[in-house]
Amino acid sequence: MRVLGLYVERDTPVHKLAPFTKLMYAVTSTVVTFLFPSITVGILFLVLSVFLNTIARVLKHLIALLMVVSVLSISIFLIQGMFYVGNYTPLFSLLRLTFYKEGLLRAVVLVLRLFNMISAFGILMLTTRPSDLIDDLVRRGLSPNVGYVIASVLQIVPQMLSTATRIIDAQRSRGLEMNGSFHKRFKAFLALIGPLVLGSLLEARERALALEIRGFEARTKRTFLKDFSESKR
Amino acid sequence: MGSTEKIKIESLTYAYPFSDKNALENISFSIMPGECVGIIGRNGAGKSTLCLALTGLVPKFFKGRYSGKVLLDGEDVRQISYEKLVTKIGLVLQNPFSQITGARITVYEEVAFGLENLGIPRDEIKQRVEAVLKALDLWEKRDENPFELSGGQLQKLAIASVLVLQPEVLVLDEPTSQLDSGGTKEVFEIISQMKSQGITIVLVEHKYEMLVEYVDKIIFLQEGKMIAFDEAEKIFSLPEIDEYMVGEPIYTKLCKKLNSKNSRGYYPVKFSEAVGILREARCGSDR
Amino acid sequence: MDLIVKVENLWFSYKSGKFVLKNINVSFDGVSTAIVGQNGAAKTTFVKILKGLLKPTMGDVWINGVNTKETTVAQLAKVVGLVFQDPSEQIFKSKVIDEVMFGPLNIFRDKQYSYQMAIEALKLVGLDGKVNEHPYDLTLSERKLLCIASVLAMDPKVVIFDEPTIAQDRYHIKKIGELVLELEKNGKTVIAITHDMDFVFDYFKRTLVLHRGNLLVDGKTDEILQREDVLKAAGLDTPYIFKISSSVGTVISKLFPI
């Protein structure tokens, strides 16, 4: 994985929307479902988000993301269904455990809220390149330094993983055992962390030099190479 | 006092913080506009430090003990405004891996980065990026992620990213270290092109056989001191070259072994001249 | 004849399926050998297999009679040493001597013996005067020598170098080359991946040319490096020595040490 993030390469109208717009949608739809905890509102937004995800042809990926929280969702149903404070009307029983209507309804609201948040942010994450999102935020006022730090972390962390592999290779070649007692594994950890951290720090220093050379500190108004449909002024 | 020198260094002495040894000691020389100057010396001689001093990054970035002056077009490099400095002098560092910003996911965007910072209009950015990528034979790779490139391609990317800023002076610190002979030739061809466009070039290089064909003069450093600043053949004929075991072009070494000098009294450093001298030497012996 | 490294019908592919090494058959036995080839010829993959870091997809690699598929990398480290390209991806101790002792301590266990081996290795590379220094106070080239010492200290029978001359100054290229000759004299089998053809010519008696995963030629350096057709096919350049020879019209190699 070269870049941290969930971006899926496609060419759809949703992909072409400005990242900031998508971010606003995600935040808005999440906030609304928190402010108005009704099932109708929840379903409405969820349908909208799913629809957008479908246009973006990333529905499969969204479902994968939702699967991740499936266990959480089920436990919400179990816990709320059985132990919600406002439980009053029993609905059914299973293995001597009673599930109540009020709790289950509340669980529906909570799970809808969760699914909504994931679907709405899913649109953002699945159809937007992280570097584009950061670019857009910088364009709207986010400090370029902060933007740079976030954007570079997304690529440099996976890089560190491949460097780590090479370090492990080099140390194993010198007889380092990776498995065995805790003591052995701790030694292995040190032999890996040392060069990784040191190397990263030195590299970071060189990178800062390179940024300096390429005008990063310039106080002129920056140009943005990328163009997003609504940002065209 | 109006100087026509592009670069002028006066008694530059510098030591890194926490170091009791001077990385550079009493360095003085001038480079005229459009000249191409090489820097040679053993690792640790101060070549990279000198490159950093030319751009002002020493002392700006590194602090340390600094005395003397580095002048670009007569102006002290520490006084030139940052924005002006970036388009005046560019530096390609030694390690290509740590020059990728990391904030861009394609080679194209990576090269455009510097121009975005400077507020260059979008159309001009596109023009310049395309030109420089094509010149360095990276156009085919423009949509690839920089981290997927090989060491040699990264080196070319690093050069492209600085070249696109169109500096008047370009400093390159071992730009071919990761490259094989094919890649090395490509880089030197770019250098030659830049030279013909009037760009002043300073380059640190160990591949002497290529270096001597392109430079007007060479600075020879050893332990922070400048041993000599002269034409290539004069430099490589100095006894200090052997004393400090700096090495020389292979055919120069041959000529030294056969004690065959050229008409000016120096050991030849260029290939064609060396071939001529060696042929003569061969005719004059029983080989 | 006791062949230290034997490669039989080696085919290798990463998970993606395409073979990056095809039908390699070669043995190594004490003659210093250079492996050359363009990028993408899979040279690094090949030495990783020799080192046991990768296992053959098909075929076998025997190191000192042991099949690499039946042993661990740590075990093989006693016989095969590999000097990686980037010193910063290995160095983690704060003293030169500790860094060089790391490998020996792993395989010999004995502290006294490891110390001895480390000192000897440092002497061999010329760093015995910097025993207590911090590795990052050394120059780039000295750090490379440090990595070489840290491998030599384990006293392996086979020493492999991955691009030893990259970013080195001429003085250190010569030093590393002389080290190769010294190791060969001491009975070690030295293998080096490199694209510096003059380095190959000066210090290696045998050359293997890899191209796109195939072994193109295997033979005496002298002969192979003169064959322009082979070198061209593999995307390589002739060493300067031969460029001059052909221009001047004499075999100049007689003037050089090897």
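A: Two strands count as paired if DSSP finds at least two bridges between them. Helices (H or I, at least four residues) and strands (E, at least two) are DSSP runs, numbered from the N terminus. Residues are numbered from 1 along each chain as its sequence is written, while chains are lettered from A and ligands numbered from 1 in the order in which they are written. The model is predicted: local features need pLDDT of at least 70, side-chain atom pairs count only at pLDDT 80 or more, and totals for chains, interfaces and linings use all residues.

Start with the sheet in chain C. It is open and has 6 strands, in the order 6-7-8-3-9-10. The pairing is mixed. Strand 6 (80-83) and strand 10 (214-220) of chain C form the edges, each pairing on one side only. On average, neighbouring strands of this sheet are turned by 15 degrees against each other, direction ignored. Axes here are lines fitted to C-alpha atoms, for helices over the stretch in contact, and angles run from 0 to 180 degrees between N-to-C directions.

Helix 5 (residues 140-152) of chain C packs on the sheet. Helix 5 touches strand 6 and strand 7 (158-162) of chain C. Contact means C-beta atoms, placed from the backbone, within 7 Å. The direction of helix 5 makes about 170 degrees with that of strand 6 of chain C.

Now strand 3 (residues 33-36) and strand 9 (residues 206-211) of chain C. They pair in the parallel sense, over 4 bridges. One bridge joins Val36(C) to Val209(C), its partner in strand 9 of chain C.

Follow the chain to the loop between strand 9 and strand 10 of chain C, where Arg212(C) sits. Arg212(C) has a positive phi of about 50 degrees, although it is not a glycine. Most residues other than glycine have a negative phi. Arg212(C) is partly exposed, because 15 other C-beta atoms lie within 10 Å. The cut-offs are 20 or more for buried and 12 or fewer for exposed, with partly exposed in between.

Asp73(B) lies in the loop between strand 4 (65-72) and strand 5 (75-76) of chain B. With 16 other C-beta atoms within 10 Å, Asp73(B) is partly exposed.

Notes:
Two residues are in contact if their C-beta atoms, placed from the backbone, lie within 7 Å.
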